[in-house]
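Hi,

Here is the structure I promised to pass on. Have a look at it first, and my notes on what turned up follow below.

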Amino acid sequence: MEITEIITAIIALLAAIITAVVVPWLKKKASALDTAELLAWVDLAVAAAEQLYESTAGAAKKDYVLDVLEAQGYYVDTAEVDAAVEAAVLALHHALEEDAA
């Protein structure tokens, strides 16, 4: 067996390991960071919308939050955004209730 065949086999093995292990790990890590950043932007946009709009202007607040997210480059599924926005609103209301108590 020649050295070239051995080197080629080693390179193929390393490529397979990188593809099977390292790439999925990096994607998961990047995805978690992206999600954390998205949720931070949602929290910020929800807090701003609560300050900018009347309490009865729910649709306008949601549109504002979506506009802020799009300005930051987030184009995600509406169901995901709805859930994140509702969670952020709930957290904000709980924090305000605790401050008032």
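Glu50 is partly exposed, with 24% relative accessible area (the classes are buried for under 20%, exposed for over 50% and partly exposed in between, using a 1.4 Å probe and protein chains only). Its side chain meets that of Lys61 in a salt bridge, 3.3 Å from N to O; the term stands for a side-chain nitrogen of Lys or Arg within 4 Å of a carboxyl oxygen of Asp or Glu. Lys61 sits in helix 2 and Glu50 in helix 1, so the pair ties together parts that are eleven residues apart in sequence. By that rule the count for the model is one salt bridge. As a general point, side chains of opposite charge can pair when their charged atoms come close.

Is Lys61 itself buried or exposed? Lys61 counts as buried, because its relative accessible area is 10%. Leaving out neighbours within four places in sequence, Lys61 is in contact with Ala49, Glu50, Tyr53, Glu54 and Ser55, where contact means heavy atoms within 4.5 Å.

Before going further, a word on what you're looking at. This is a predicted model, so to speak of a local feature I needed pLDDT of at least 70, and side-chain atom pairs count only at pLDDT 80 or more, while totals for chains, interfaces and linings use all residues. Residues are numbered from 1 along each chain as its sequence is written, and side-chain values use heavy atoms, with hydrogens and water left out. The average pLDDT (the predictor's confidence in each residue, from 0 to 100) is 77, and 80% of the residues score at least 70. Confidence is lowest in helix 1, with a mean of 76, and highest in helix 2, at 86. Where pLDDT is low, the predicted coordinates should not be read in detail.

Now the overall picture. The protein has three helices and zero strands, which gives the pattern α-α-α along the sequence. Helices (H or I, at least four residues) and strands (E, at least two) are DSSP runs, numbered from the N terminus. Of the 101 residues, 14% are buried. Among contacts between residues at least 6 apart in sequence, 53% join residues at least 24 apart.

What about the inside? The largest nonpolar core has 13 residues, and Leu38, Val42, Val46, Val65, Leu69 and Val85 touch the most other members. Such a core is a set of buried Ala, Val, Leu, Ile, Met, Phe, Trp, Tyr and Cys residues joined through side-chain atoms within 4.5 Å. Helix 1 (3-52), helix 2 and helix 3 each supply at least two residues of this core, and helix 1 gives the most, with five. Val42 is in contact with Leu69, Ala84, Val85 and Ala88, again leaving aside neighbours within four places in sequence.

Ile10, in helix 1, is partly exposed at 46% relative accessibility. Glu86, in helix 3 (residues 78-100), is exposed, with a relative accessible area of 54%. The C-alpha atoms of Glu86 and Val46 are 9.1 Å apart, though 40 residues separate the two along the chain.

Cheers
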